[in-house]
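Colleague: I am new to reading protein models. Could you take me through this one, step by step?

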Amino acid sequence: LIGEIKNGYGSEIENIRASLKGLNNLLVSDTALSVFQKVEIRDKILMLMEYVVYFELTEELLIQFKMIAPDLFNELDTIKNSSGFSVTVYVKFVPEKEMQKGAAGTTNLAYYKNDKNVYHSIYGPHTVSIKIASVKKSLLLLAHEFGHVKYQVPNLATYAEYYAKHYQSNGFVASYIGHNADDPSGQKANEFENLFRNKYVALMRTTSAKLENPTSLLVNIRRAIKREKDVL
């Protein structure tokens with residue numbers, strides 16, 4: 001289904017969980033496994049567990065974002081391109097080491113085949129892909145990238161031309177791309193970031209609820225997944 005904000009890990013999570021269960025069962029039940037085979041299986045289990053960890057982290061942080069700034073969330077959840085087609089926004093929180101040097105948040109910029117009004121990502125046409133480093137300010141980074149998406153989706157053709165003119169030929173490092181003083185996408189990103197910051201401060205003043213920061217949340221999710229792995 002096209003439209004709405006989605007967890008970028010979601011399409012594979014059921015297969016990942018099934019694989020984890022199968023490998024755990026194999027490790028316990030197959031007494032003929034060699035030492036090397038056991039090591040290989042354990043390495044595979046650890047890799048799959050990390051996928052589950054970041055799926056769960058992404059789920060939790062999207063819930064937090066929606067609670068803090070439901071109006072901003074809804075703007076992206078219902079975003080449409082210039083032709084009126086809904087666009088799905090896929091979000092992944094990832095290890096900081098996976099990000100491009102100098103960038104803590106990225107939004108892909110690409111159009112589908114020869115139609116410069118149709119956004120395209122690894123998830124297919126009419127989709128956008130966002131990656132955010134799992135750091136303390138992850139939600140603020142997400143708000144920033146949501147701002148980029150808010151501008152780029154309905155203005156893709158003209159912004160792609162702006163991007164090619166100002167960034168592709170100038171050798172800009174990752175942290176500067178999208179943030180020229182006159183870049184409309186960068187301006188919208190800064191606007192969303194400031195709005196989110198203000199909404200977060202306002203929420204903290206009016207509620208007793210405490211939101212766990214992304215880095216500690218990641219640690220706790222990883223511990224919980226590790227405890228559960230024998231029953232996955």
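This is a predicted model: local features need pLDDT of at least 70, side-chain atom pairs count only at pLDDT 80 or more; totals for chains, interfaces and linings use all residues.

Modeller: Residues are numbered from 1 along each chain as its sequence is written, and side-chain values use heavy atoms, with hydrogens and water left out.

Colleague: In what order do the strands of the four-stranded open sheet stand?

Modeller: Strands (E, at least two residues) and helices (H or I, at least four) are DSSP runs, numbered from the N terminus. Two strands pair if DSSP finds at least two bridges between them. In this sheet the pairing is mixed, and the order is E1-E2-E7-E3.

Colleague: Why is one side of E1 and of E3 left without a neighbour in the sheet?

Modeller: Strands of a sheet pair through backbone hydrogen bonds, either parallel or antiparallel. E1 and E3 (105-107) each have a single partner strand, so one side of each has no neighbour in the sheet. Both stand at the edges.

Colleague: Which residue of E2 is the bridge partner of Lys 6?

Modeller: E1 (residues 4-7) and E2 (residues 88-94) pair in the parallel sense over four bridges. Asn 7 stands opposite Val 91 in E2. For Lys 6, the bridge partner is Tyr 90.

Colleague: Which residues form the covered face of E1?

Modeller: In a regular strand the side chains alternate between the two faces of the sheet. In E1, Glu 4 and Lys 6 make the uncovered face. The covered face is Ile 5 and Asn 7.

Colleague: Which element gives the most to the lining of the largest pocket?

Modeller: A pocket is an open set of points on a 1 Å grid over the protein atoms alone, where a 1.4 Å probe fits, with protein on both sides within 12 Å along at least five of seven lines; lining residues have an atom within 4 Å of a point. About 650 Å³ of space lies in the largest pocket. Of its 29 lining residues, the closest to the centre are Gly 105, Thr 106, Thr 107, Glu 145 and Ile 177. With five residues, the element that gives the most is H4.

Colleague: What is the strand order in the open sheet of three strands?

Modeller: Its edge strands are E4 (111-112) and E6 (124-125), each pairing on one side only. E5 and E6 pair in the antiparallel sense over two bridges, and His 120 stands opposite Pro 125 in E6. The order is E4-E5-E6.

Colleague: Which side chain makes a polar contact with the side chain of Asn 117?

Modeller: Asn 117 is in E5 (residues 115-121). Leu 156 is 39 residues from Asn 117 in sequence, but 5.5 Å away in space, C-alpha to C-alpha. A polar contact is a pair of N or O atoms within 3.5 Å; within protein, one must be able to donate a hydrogen and the other to accept it, and residues adjacent in sequence count only if both atoms are side-chain atoms. At 3.4 Å, the partner is Ser 82.

Colleague: Is Arg 197 buried, exposed or partly exposed?

Modeller: Arg 197 sits in helix H6 (residues 184-206), and a polar contact of 2.9 Å joins its side chain to that of Asn 194. Buried means under 20% relative accessible area, exposed over 50%, partly exposed in between (1.4 Å probe, protein chains only). The relative accessible area of Arg 197 is 34%, so this residue is partly exposed.

Key. Grid points are joined across faces, edges and corners, and a volume is the space filled by probe spheres set on the points.
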